[in-house]
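Okay, thanks everyone, let's get going.

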Amino acid sequence: MAGGNHSSVTKFVLLGFTDQQKLLFIICLLIYITTLVGNLGMIVLIRTNSQLHVPMYFFLSHLSFLDICYSSSITPKLLSGLLVERSIISFKGCITQFFFFAVFGTTEAILLAVMAYDRYMAICKPLNYMTAMSHGVCVQLVVGSYAGGSLNAFVHTSTLLRLSFCGPNLVNHFYCEIPPLLLLSCSDTRLNKMVMTMCIGFIITASLLAIAVSYACVLLTIWSIPSAEGRHKAFFTCTSHLMTVALFYGSAAFLYFHPFSRHAEDHGKTASIFYTVVIPMLNPFIYSLRNTEVRSTLGRA
């Protein structure tokens with residue numbers, strides 16, 4: 001723990017959900033199993049089929065890996081909490097859960113921007129695509145995404161560790177997240193709120209700006225294609241990614257850009273189920289149902 005932190009709280013009680021716990025457990029368990037099977041299947045499919053050894057699917061395999069890790073940092077504790085009256089997590093366990101949640105969530109946000117840049121290069125600069133998006137470049141972009149996610153998580157975790165928690169220790173959420181933890185701190189949390197707003201605002205704004213610029217160029221290029229069939233085929237390769245972006249950033253904006261209040265927290269807790277549990281399950285289905293190459297490869301497999 002950081003020096004100067006005089007927290008008397010050694011554990012937190014995650015209040016989670018009090019209604020329909022058994023039904024919610026069954027639903028979340030089925031979603032989690034589907035998430036693991038779907039994303040692992042996508043990774044295996046991409047790695048074992050040479051037809052899919054291209055940059056777009058290289059990034060997609062890492063997106064599936066992030067979805068597995070992202071969901072696994074939250075869902076197991078949620079499931080165990082639905083089976084007991086009081087879901088207890090240690091102070092260190094709470095900080096660790098938040099750190100990995102922040103790493104994988106931020107990395108996925110950055111990776112989605114990288115995937116938009118890949119679509120820009122593929123459609124707008126097809127002659128230079130394989131050179132500009134070589135395997136070495138793709139690895140560097142993925143490593144950069146993980147580095148950005150780790151840095152963001154480190155900053156937020158460091159600011160959390162400077163706080164004191166003197167009680168109560170009841171977290172009105174099903175996992176350790178910044179807003180409900182700040183409500184419990186007996187320290188001045190203005191710095192934490194400012195850092196959270198600045199970092200998350202910068203990441204979302206920069207990533208969305210990169211995505212918007214990439215797809216603006218893509219749309220202009222598609223519009224210049226003379227045949228309607230060619231325009232449709234070019235745009236169809238982007239629809240899966242656009243759906244994933246809309247789901248991920250839409251729910252992220254709803255969760256993080258609301259007032260720090262208990263009323264907003266109650267609504268955010270319900271929305272977090274969709275953001276942390278449901279979305280990681282949807283991505284494999286979005287790409288498999290909307291992508292003819294994945295469907296044909298899956299059919300042959």
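So, the sheet to start with: 3 strands make an open sheet, in the order β2-β1-β3, with mixed pairing. The edge strands are β2 (87-90) and β3 (170-171), each pairing on one side only. Pairing here takes at least two bridges found by DSSP between two strands. Strands are DSSP runs of E with at least two residues, helices are runs of H or I with at least four, and both are numbered from the N terminus.

Before I go on, a word on the model: this is a predicted one, where local features need pLDDT of at least 70, side-chain atom pairs count only at pLDDT 80 or more, and totals for chains, interfaces and linings use all residues. Residues are numbered from 1 along each chain as its sequence is written, and side-chain values use heavy atoms, with hydrogens and water left out.

Back to the sheet. Strand β1 (residues 11-14) runs antiparallel to β2, and 4 bridges join them. For instance, V13 has I88 in β2 as its bridge partner. Lying across β1 and β2 is helix α4 (residues 91-124), at about 85° to β2; that angle is between N-to-C directions on a 0 to 180 degrees scale, with axes fitted to C-alpha atoms, for helices over the stretch in contact. Contact means heavy atoms within 4.5 Å.

UniProt, in an unreviewed entry, lists several stretches as "transmembrane region", including 57-75 and 95-117. Positions are in the numbering used here, feature names are shortened, and such annotations may be inferred rather than shown by experiment. In the model, residues 95-117 are 100% helix and 0% strand, with end C-alpha atoms 33 Å apart. Residues 57-75 come out at 89% helix and 0% strand, and their ends are 26 Å apart by C-alpha.

Now, how many salt bridges does the structure hold? There are 2, counting a side-chain nitrogen of Lys or Arg within 4 Å of a carboxyl oxygen of Asp or Glu. R119 pairs with D118, closest N and O atoms 3.0 Å apart. R119 is buried at 8% relative accessible area, and D118 is buried too, at 1%. Buried is under 20%, exposed over 50%, partly exposed in between, with a 1.4 Å probe and protein chains only. The other bridge joins D188 and R190, at 2.6 Å between the closest N and O atoms. There, D188 is partly exposed at 40%, while R190 is exposed at 63%.

Last stop: N283, in helix α10 (residues 262-290), is buried at 3%. Neighbours within four places in sequence aside, N283 contacts L63, D67, E108 and T244.
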